[in-house]
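Morning, everyone. I have one structure to walk through today. Let me put it on the screen.

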Amino acid sequence: MMRRIAAAVLIAILGCAACGRRVDSQQLMHGVRRIAITDSLLRHGGSDTLRTGRLHTGEIAVMRVAVRNETSAPIAIAGYETSCSCTLFEYDRKPILPGAESELRCTFDSRGEYGWQFKSARFRIAGAEEPLVIFVEAEVY
């Protein structure tokens with residue numbers, strides 16, 4: 001009887017330990033962040049920060065950003081540049097009509113990264129005087 005109980009406890013402990021282990025290709029999907037594009041942002045620029053939280057090295061965090069056009073004219077993202085190849089963005093190339101939203105998908109790959117990470121992406125919006133800067137912050141251990 002004691003052997004059965006000990007075996008059951010051992011199986012439960014091993015099962016729990018396996019549940020907490022993360023795989024390199026695991027993706028973490030975070031909630032949607034919303035950024036409003038206004039006339040002021042187009043003239044003066046703006047920034048926002050996406051925080052992944054804590055990641056094991058090798059994990060990939062995926063975050064979604066809803067970009068809302070609060071101007072009176074259509075806007076389009078003309079391109080972007082990142083400070084590191086570990087941070088990528090995917091987005092629809094079509095113009096965003098006034099009052100409409102479009103989604104950006106940010107992927108942060110923590111392979112080879114350790115400690116506190118602070119990356120940036122500068123988005124050029126067609127017709128804007130200054131860029132929209134999105135920072136990506138992560139703690140990788």
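Start with Val-32. Leaving aside residues up to four places away in sequence, Val-32 touches Arg-64 and Ala-66. Touching here is a contact, meaning heavy atoms within 4.5 Å.

A word on what you are looking at. This is a predicted model, where local features need pLDDT of at least 70, side-chain atom pairs count only at pLDDT 80 or more, and totals for chains, interfaces and linings use all residues. Numbering runs from 1 along each chain as its sequence is written, and side-chain values use heavy atoms, with hydrogens and water left out.

Back to Val-32. It sits in strand S1, residues 27–37. Strands (E, at least two residues) and helices (H or I, at least four) are DSSP runs, numbered from the N terminus. The cut-offs are under 20% for buried, over 50% for exposed, and partly exposed in between, with a 1.4 Å probe and protein chains only. Now look at Val-65. Val-32 and Val-65 lie 33 residues apart in sequence, yet their C-alphas are 5.4 Å apart.

Zoom out to the chain. It has two helices and eight strands. Along the sequence, the pattern reads α-β-α-β-β-β-β-β-β-β. The chain has 141 residues, and 37% of them count as buried. Take the contacts between residues at least 6 apart in sequence: 72% of these join residues at least 24 apart.

Next, charges. Side chains of opposite charge can pair when their charged atoms come close. The rule for a salt bridge is a side-chain nitrogen of Lys or Arg within 4 Å of a carboxyl oxygen of Asp or Glu. How many salt bridges does that give? Ten.

Glu-137 pairs with Arg-51, at 2.8 Å from N to O. That pair links distant parts of the chain: Glu-137 is in strand S8 (residues 132–140) and Arg-51 in strand S2 (residues 46–55), 86 residues apart. Glu-137 is buried at 18%, whereas Arg-51 is exposed at 54%.

Then Asp-109 and Arg-111. Their closest N and O atoms are 2.4 Å apart. Asp-109 is buried, at 16% relative accessibility. Arg-111 is exposed, at 57%.

Last, Asp-92 with Lys-94. Here the closest N and O atoms are 3.9 Å apart. Asp-92 is partly exposed at 39%, and Lys-94 is exposed at 56%.

That's my tour. Over to you.
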